[in-house]
Amino acid sequence: MSIQILGTGAYVPERILTNDDLSRLVDTSDEWITQRVGVKERHVSFDESAAEMGAKAAQRALEAAGITADQLDLIVGATVSADAVCPSVAALVQREIGASCPAFDVNSACSGFLFALDTAAAFVARGGIRYALVLGAERLSRIVDWTDRSTCVIFGDGSGAFVISPGENYLASHLHTQGSDSVLSIPLGKGNSPFYGKEEQPIAIRMSGQETFKFAVKQIVSDLKLIAEQAGVTPEQFDYIVPHQANLRIIDLAARRLGIPIEKFVVNLDRFGNTSSASVPISFDELARSGKLKKGDLIAMCAFGGGLSSAASLIRW
Ligand code: UT7
């Protein structure tokens with residue numbers, strides 16, 4: 001038993017932070033960010049948590065699917081920027097939308113949404129699930145180091161969600177983990193523990209940009225080739241690719257290595273920046289609502305990030 005996507009939804013907070021706004025916070029410029037990353041602006045939350053944003057995307061996905069929250073049998077969430085380690089974002093979304101099904105998060109950083117989708121697909125395959133909600137929700141602005149120009153210019157806040165049900169449209173998926181905390185990590189504080197032997201790391205996204213960049217390009221290329229092979233097609237046959245929105249140069253390089261025109265890649269990082277686990281479902285939702293999709297289109301999704309992790313999935317629309 002495979003799955004189908006019944007509806008998608010996305011939400012970003014109202015407040016927009018432009019590159020010019022950022023150049024008043026750190027030593028950077030619109031020109032540098034545009035050329036090296038491709039982001040022009042991102043949305044930041046003042047008062048909404050990741051779970052509150054997740055609930056708004058979930059409501060939109062439920063409306064698009066034509067079902068109500070009480071019909072959900074499962075909620076799987078993904079986040080690295082929840083207000084708390086516990087409860088999970090999925091549990092708070094469950095309360096917010098008025099669902100009563102089991103709800104839990106998976107943690108695989110920016111690849112988290114595709115790990116969550118594959119987890120939900122496995123539950124559907126086990127049987128007994130009619131409708132499941134999968135979401136990525138991030139308030140990265142609360143864990144970004146706003147004094148570090150090499151990371152604070154990249155990220156943004158937002159959420160995206162899918163409602164799925166049993167179907168035959170999930171053609172292939174691949175999950176990859178290469179355990180490491182030296183390239184990309186978000187340490188937690190030590191609290192007031194008197195038994196903590198190590199030096200405390202400040203709570204913030206810590207990233208080696210170039211190492212992450214190389215990992216990203218390598219994994220997009222190999223993961224997309226792998227899912228194409230699993231489905232018995234070639235990457236050139238993909239109608240659209242929905243990539244994690246981290247850096248336009250990453251997408252461009254991967255597209256050239258795969259020999260796929262860049263126009264097939266959905267790109268919105270200029271408006272939203274990198275919203276971690278929310279970036280794939282936000283981008284997919286834009287594509288789904290654009291009116292461009294035709295029945296039968298092959299849509300690949302791919303993501304990479306902390307873990308280190310990467311993932312790709314192939315959907316037939
Ligand atoms: O979702 C998580 C996945 N994350 C990613 O995919 C991130 C992947 N990596 C990247 O996108 C890029 O590596 C960055 C955007 C993070 C950095 O771009 P880069 O071209 O790799 O720059 P760099 O780190 O090699 O730095 C080049 C120069 C340095 O100056 P010097 O040492 O050459 O004088 C940096 O200090 O650019 C400087 N720099 C900046 N200058 C202006 C770094 N950040 C900035 C900035 N504005 N915001």
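Helix H2 (30-36), strand S5 (103-106), helix H6 (149-152), strand S9 (184-185), helix H7 (209-231), helix H8 (248-258) and strand S12 (298-305) each put at least two residues into the lining of the largest pocket. Helices (H or I, at least four residues) and strands (E, at least two) are DSSP runs, numbered from the N terminus. A pocket here is worked out on a 1 Å grid over the protein atoms alone, as an open set of points where a 1.4 Å probe fits, with protein on both sides within 12 Å along at least five of seven lines; lining residues have an atom within 4 Å of a point. The model is a predicted one, with local features needing pLDDT of at least 70 and side-chain atom pairs counting only at pLDDT 80 or more, while totals for chains, interfaces and linings use all residues. Residues are numbered from 1 along each chain as its sequence is written, and side-chain values use heavy atoms, with hydrogens and water left out.

Back to that pocket. The largest pocket holds about 1,200 Å³ of space, where a volume is the space filled by probe spheres set on grid points joined across faces, edges and corners. Its lining runs to 50 residues, and Phe-155, Leu-184, Ser-185, Ile-186 and Ile-205 sit nearest the centre. Sorted by class, the lining comes out as 24 nonpolar, 19 polar and 7 charged residues; Ala, Val, Leu, Ile, Met, Phe, Trp, Tyr, Cys and Pro count as nonpolar, Asp, Glu, Lys and Arg as charged, and the others, Gly among them, as polar.

The second largest pocket has about 180 Å³ of space. Asp-181, Ser-185, Pro-187, Leu-188, Tyr-196, Lys-198, Glu-199, Gln-201 and Arg-206 form its lining, which splits into 3 nonpolar, 2 polar and 4 charged residues.

As for the overall layout, the protein divides into domain 1 (2-169) and domain 2 (172-316), with bounds taken from an automatic or database domain assignment. The domain centres, taken over C-alpha atoms, are 14 Å apart. Across the boundary, 49 residues of domain 1 are in contact with 46 residues of domain 2, contact meaning heavy atoms within 4.5 Å. Each domain also gives at least three residues to the lining of the largest pocket.

Next come the nonpolar cores, each a set of buried Ala, Val, Leu, Ile, Met, Phe, Trp, Tyr and Cys residues joined through side-chain atoms within 4.5 Å. Buried means under 20% relative accessible area, exposed over 50%, and partly exposed in between (1.4 Å probe, protein chains only). The largest nonpolar core has 46 residues, of which Leu-224, Ile-227, Phe-238, Ile-241, Ile-250 and Leu-314 touch the most other members. Two or more residues of this core come from each of H7, H8, S12 and strand S13 (307-316), with H7 giving the largest share at 9 residues. Both domain 1 and domain 2 supply at least three residues to this core. Apart from it lies another core, of 32 residues, including Leu-74, Val-76, Leu-117 and Tyr-170. Phe-238, leaving aside neighbours within four places in sequence, is in contact with Leu-224, Ile-227, Ala-228, Val-233, Ile-260, Lys-264, Leu-298, Ala-300 and Leu-314.

The peptide bond from Cys-86 to Pro-87 is cis, with omega near 5°, and Pro-87 sits in the loop between strand S4 (74-78) and helix H4 (89-97). Another cis peptide bond links Gly-307 and Leu-308, with omega about -15°; Leu-308 belongs to strand S13. Ala-109, a residue other than glycine, has a positive phi near 50°. Ala-109 lies in the loop between S5 and H5 and counts as buried because its relative accessibility is 12%. The loop between S5 and helix H5 (112-126) also holds Ser-108, which is buried at 9% relative accessibility. Not counting residues up to four places away in sequence, Ser-108 touches Phe-115, Gly-306 and Ser-309. Ser-276 likewise has a positive phi near 50°; this serine is in the loop between helix H9 (269-272) and helix H10 (279-289) and is buried, with a relative accessible area of 1%.
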